[in-house]
Amino acid sequence: MTARTKKHFLIGPAILLVGGLLGLLAHPETLANPAGQLVPTENPMAQPYKPALIGVAEARRHFEMGTAIFIDTRLPDAFKKEHIPGALALTKVPFQPLWREIRALVPNGATVICVGENAVDLNVARWASQLRMFGIAETRYLDGGLDQWKKSGLPIVSGWDMDDVLREAVR
Amino acid sequence: MKSPLSVFEMSLGFAVRVGSGLLLLIAAKEKWDNFEWWTNQFALLAVTPRGYHAPFAAAAVGMELLTGALLVLGILTRSALAASAILWSIFAVVLASVLWRGIDVACGCFGPESPFPITWPRVVGEVAVAILCVAISFAKLDPLRSERFWRGAESTPHHA
């Protein structure tokens, strides 16, 4: 390695060091709060959160009282086919959750009830856990999913009714 | 007369320098614009000490921004290429570690709307870009020469 090459490979890390310092200068709040704003101090991967189940009747009661909000964690096509009236879709494009919009739409202190397809839809627990990491502390998931909701004779609607809601969220 | 080989060399040097720089700039801009989201995403990768991810997330954006800007502008080019190679290598190690530990999380490298999942081919791609950056940084061809080359002048001085 020539002296000139050595010089480049010494200046390279120096550039990264200066860049890193500039990044910290631009966001000094990260030094005051190194754990960030929304993420719990505990490493979420080390201690997976297990959200509690909520029964259909209790979920409906909370929703009607305005203390809970339904988030449909199924694929967008399934949401279009049928969903709980007033539920928010977690994704518009498959596997790309609308974290920012959902965060804006969920009122502070509200319980989020994640809705899956049925009792064996395990994705719902994963999404509920991830929502908690995004600062939505009170997340639960609907026991039996949409299947149980329908079996209980509760109403469902079809179609994609999220566009106006999403526009409102990003405003 | 410009030989086809020198045209290829110049184009490769230029493409790697500007391409790598632009990628870093775009990635930095997306993270800058969605900084709260990026801090969370960075925490999910679980590569920093517990509860100390936010400063690392901020530093990463600064590194990408400065290195990308230097590469695109052609300032300290070889050193910026070396910095870029280090950055791409770090990205590859982080992504490989996430895959290895089986953490199910989106990459987030290019912002919340980024459609790229973390996959092994992605890791290989990042290693390839790092190797290219090192190669161009070491190579005799001057990555800056490309601009002068396209203007029709050689970078080596001509003597009468």
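1. In this predicted model, A:V112 lies opposite A:T139, a residue of strand 7 of chain A. The next pair to note is A:I113, which faces A:R140 of strand 7 of chain A. These pairs belong to the pairing of strand 6 (residues 111-115) of chain A with strand 7 of chain A, a parallel arrangement held by three bridges.

2. Strand 7 of chain A also pairs with strand 1. Strand 1 (residues 52-54) of chain A and strand 7 (residues 139-142) of chain A run in the parallel sense and share three bridges. Here A:A52 is the residue that stands opposite A:R140 in strand 7 of chain A.

3. What is the strand order of the open sheet in chain A? The five strands follow the order 1-7-6-2-3, and their pairing is parallel. Strand 1 and strand 3 (88-89) of chain A are the edge strands; each has a single partner strand, so one side of each has no neighbour in the sheet.

4. A helix packs on this sheet. Helix 3 (residues 56-65) of chain A touches strand 1, strand 2 (68-72), strand 6 and strand 7 of chain A. The direction of helix 3 of chain A makes about 115° with that of strand 2 of chain A. As a general point, side chains in a regular strand alternate between the two faces of the sheet.

5. For chain A as a whole, the secondary structure consists of eight helices and seven strands. Of its 171 residues, 44% count as buried. Among contacts in chain A with a separation of 6 or more, 71% are between residues 24 or more positions apart. The accessible surface of chain A is about 9,100 Å², and carbon and sulfur atoms contribute 58% of that area.

6. In chain B, the point to examine is a helix pair. The axes of helix 2 (residues 35-45) of chain B and helix 3 (residues 53-73) of chain B come within 9 Å and cross at roughly 115°. The crossing of helix 2 of chain B with helix 3 of chain B is right-handed.

7. Which residues make this helix contact? Helix 2 of chain B contributes B:F35, B:W38, B:T39, B:F42 and B:A43. From helix 3 of chain B come B:H53, B:A54, B:F56, B:A57, B:A58, B:A60 and B:V61. Sorted by class, the contact between these two helices of chain B comprises ten nonpolar and two polar residues, with no charged residues.

Conventions:
Residues are numbered from 1 along each chain as its sequence is written. Chains are lettered from A and ligands numbered from 1 in the order in which they are written. This is a predicted model: local features need pLDDT of at least 70, side-chain atom pairs count only at pLDDT 80 or more; totals for chains, interfaces and linings use all residues. Side-chain values use heavy atoms; hydrogens and water are left out. Two strands pair if DSSP finds at least two bridges between them. Helices (H or I, at least four residues) and strands (E, at least two) are DSSP runs, numbered from the N terminus. Axes are lines fitted to C-alpha atoms, for helices over the stretch in contact, and angles run from 0 to 180 degrees between N-to-C directions. A crossing is left-handed if the near helix is turned anticlockwise from the far one by less than a right angle, and right-handed if clockwise. Contact means heavy atoms within 4.5 Å. Ala, Val, Leu, Ile, Met, Phe, Trp, Tyr, Cys and Pro count as nonpolar, Asp, Glu, Lys and Arg as charged, and the others, Gly among them, as polar. Buried means under 20% relative accessible area, exposed over 50%, partly exposed in between (1.4 Å probe, protein chains only). Accessible areas come from the Shrake-Rupley method with a 1.4 Å probe; for residues, only the protein chains shown count as cover.
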